[in-house]
Amino acid sequence: MNAPTLTLASVLPALPEIYLVAAICVVLMVDVFAGASARRVTPTLTLLVLAAGAGLTLAFAQVEGPVTLFSGMYIADPLGTFLKLCSTLFVAVALLYSRHYLENRGILKGEYYVLALTALLGIFVMVSAGSLLTMYMGIELLALSLYAMVAFDRDSGVAAESAMKYFVLGAIASGALLYGMSLVYGLTGTLLFSELAVALQGTPSLGIIMGVVFLVVGVAFKFGAVPFHMWVPDVYHGAPSAVTLFVATAPKIASFALAYRLFSGALGNITETWSQMLAIVAVLSLVLGNVVAVAQTNLKRMLAYSAIGNVGFILLGFVAGTEQGYEAALYYTIIYVIMTLGSFGVILLASRAGFEADELADYRGLHARDPSLALMMMVLMFSTAGIPPFVGFWAKLQIFQALWATDHLGLVIVAASVSVVGVFYYLRVVKLMYFDAPGDLPKGEARLGVRLTLGINALAALLLGLFPNSLLELCAKVLS
Amino acid sequence: MLVQVLFYAFSAVLIAAALGVVVTRNPVHSAMCLVLAFFTSAAIWLLIEAEFLAIVLVLVYVGAVMVLFLFVVMMLDINVEEVKRGFTRYAWLGWLIAFLVIAQIVGVVWFRGLGIDATQGAVPLPADYSNTRELGAVLYTQYVYPFELAAVLLLLAIVAAISLTMRRRPGLKAQDVARQVAVRREDRVRLVKMDAVTRDAPAPRQDGEGKAP
């Protein structure tokens, strides 16, 4: 066996991960030695670290085509760079939104930021994974960080309960995923996605099909798709809103990367083994997510079921199984995360010390109390519902087009009809904000910086909808 | 021949020990049975020339993990019989599931074969072959990326565990050694000057004390 030599030039495409590990250690140390001023230093330092990381990635780690490193276990490609930049941005915005919320509840600690950075590292590793082994390491890095973040508010019994559920169910899903990986590895003798794609062709054996079933279960759990969705409402509802914001956004990018690398990369030549399973999972998610969301009285829980429904749309892109389908899934994921960031950002701004704005009733007459917040929420809800000219419409349209092109007429009809159900509960929020009496509920937080970012976020949902081509072309370019 | 005899002997001990973990009533005995199970598995690994894994299994699992287990079991002093009462009600379900799983495994492995030729054994390795060197060579070259990621995973586990368990509870009476050492005599003992009380003078009566009910 020839031992590969590691030089600086040869590992340069892996700069984002290497930089982030170093940055995690720096933030951890600075937080310890900053003492009492750590509460002010660490959040700012974390944002600076993320900005510097994005800059370094853009400057040094760009690649033209796919490059493999570390004996094929690491893939650097334009898709990887794009997803890493997106997830860095989303994590930074999520941390920006959540600072005052954490401060008000006395859980603003340096470890929270370290855990957010390790979660981001997990996302990076998953995005660039070239083998089942590195993919699993990334999944565990991300999942362990999220478990700890959900349980971060030690005085909240609900948070501890949801963290426990998340942990136990997540461990079972990891077990299923590992079992599938070990079956596939045992029958093909390789962990690398590129070699798996060559080895898995033609009619797969019974053992391979068993392995693929377990892999689909693992992916469906990470996405939170029915019937492996049980953790989603409880975690979204039970976790502190800032953590819900985090769990609901950047990890979705990682789930997309997991599904894309696995299904399109490793199992791309045996599409028929997994596409039907995925279609069933997607349809169940669409129906259950959108129908049960109607019955919710808690906004966080409603958005959790809406997340399940939206995951159904993302999976439909994979069911199409074409280049167009993957593009649509990528576009949908990015757009969905942007809109979710905004909606949870509004929840965080509407909350105050001692007042958790998570019930739907808490939004009655928000327009009278806080017109700008209500306007932003209205834009985001219209967009998530998929009403033109907002961007959510284009995301759904892409999925429909990809399904139409592959003759999945039945799936288009199901998806379109549940979207109509979805419009009802998104518009109910708008109705509560604009047409109901305000009562004596408190105003939202007045943080100017956060409000400005949230405004840009909501504006993005409108502008990307008016000019959808630039992001669409970018998605097509990084996937080609 | 000798190797086969040894294999079956160790396997028998291993299965008996594994059963002992589940069956014994005393948790300390269970932990000890688990130690025996680890030890015999290490011996079986030695038989297939995986000496590094065998030594690591003894060092890490027997030496560290099981000692920790024993500490926890002995400190918690759980009455297992209390916990396990009524447990046998579900035994039929357990048997049913175990039977199904075994039937499925036999069906897949025995009758379908999974396309693997399991009859050929491993080729014996030369005498100067070092497991440890080979593992080290691939671990730090080919697998260096996942290896480093595993290190980050451990760091993350430490950070998460500490941030979730360490906190200042209000009203916790912790010992502050520095303050104990720095204490001065004046902080603890107060000398009070009092007038001497003579025996024949009656103690001064306080208001309301002498009234009859």
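H7(A) passes H9(A) in a left-handed crossing (left-handed if the near helix is turned anticlockwise from the far one by less than a right angle, right-handed if clockwise). This is a predicted model: local features need pLDDT of at least 70, side-chain atom pairs count only at pLDDT 80 or more, and totals for chains, interfaces and linings use all residues. Residues are numbered from 1 along each chain as its sequence is written, chains are lettered from A and ligands numbered from 1 in the order in which they are written, and side-chain values use heavy atoms, without hydrogens and water.

**Helix H7 with helix H9, chain A**

- The axes of H7(A) and H9(A) lie 8 Å apart, and the packing angle is about 150 degrees. Axes are lines fitted to C-alpha atoms, for helices over the stretch in contact, and angles run from 0 to 180 degrees between N-to-C directions.
- H7(A) and H9(A) are therefore roughly antiparallel (angles over 145 degrees; under 35 is roughly parallel, 65 to 115 roughly perpendicular and the rest oblique).
- The contact of H7(A) with H9(A) has 16 nonpolar, 7 polar and 1 charged residues. Contact means heavy atoms within 4.5 Å. Ala, Val, Leu, Ile, Met, Phe, Trp, Tyr, Cys and Pro count as nonpolar, Asp, Glu, Lys and Arg as charged, and the others, Gly among them, as polar.
- Helices (H or I, at least four residues) and strands (E, at least two) are DSSP runs, numbered from the N terminus.

**Helix H18 with helix H19, chain A**

- H18 (residues 391-405) and H19 (residues 409-435) of chain A have axes that come within 8 Å and cross at roughly 160 degrees.
- H18(A) and H19(A) are therefore roughly antiparallel to each other. Their crossing is left-handed.
- H18(A) contributes A:Lys396, A:Phe400, A:Leu403 and A:Trp404 to the contact, while residues of H19(A) include A:Leu409, A:Ala415 and A:Ser419.
- The contact of H18(A) with H19(A) counts 8 nonpolar, 1 polar and 1 charged residues.

**Helix H15 with helix H21, chain A**

- H15 (residues 323-350) and H21 (residues 469-479) of chain A cross at roughly 125 degrees, with axes that come within 9 Å. That makes H15(A) oblique to H21(A).
- The crossing of H15(A) and H21(A) is right-handed.
- Among the contact residues are A:Tyr326, A:Leu330 and A:Ile334 of H15(A), and A:Leu472, A:Cys475 and A:Val478 of H21(A).
- The contact of H15(A) with H21(A) has 11 nonpolar, no polar and 2 charged residues.

**Interface of chains A and B**

- Chain B gives 22 residues to the contact and chain A gives 33.
- About 2600 Å² is buried between the two chains, and carbon and sulfur atoms give 80% of it. Buried area is the accessible area (1.4 Å probe) that two parts lose on being put together, summed over both.
- In chain B, B:Tyr145, B:Leu156 and B:Leu164 lose the most area to chain A, together 25% of what that side buries.
- There are 0 salt bridges between chain B and chain A.

**Salt bridges**

- The structure holds 10 salt bridges over all chains (a side-chain nitrogen of Lys or Arg within 4 Å of a carboxyl oxygen of Asp or Glu).
- A:Glu161 pairs with A:Lys165 in one of these salt bridges, the closest N and O atoms being 2.9 Å apart. Both lie in H7 (residues 157-188) of chain A, 4 residues apart, about one turn of the helix.

**Backbone features**

- A cis peptide bond joins A:Val226 and A:Pro227, with omega about 5 degrees. A:Pro227 sits in the loop between H9 (206-223) and H10 (231-238) of chain A.
- The bond from A:Pro388 to A:Pro389 is also cis, with omega near 10 degrees. A:Pro389 is in the loop between H17 (371-385) and H18 of chain A.
- A:Ser71 is not a glycine, yet has a positive phi of about 55 degrees. A:Ser71 lies in the loop between strands E1 (67-69) and E2 (74-76) of chain A.
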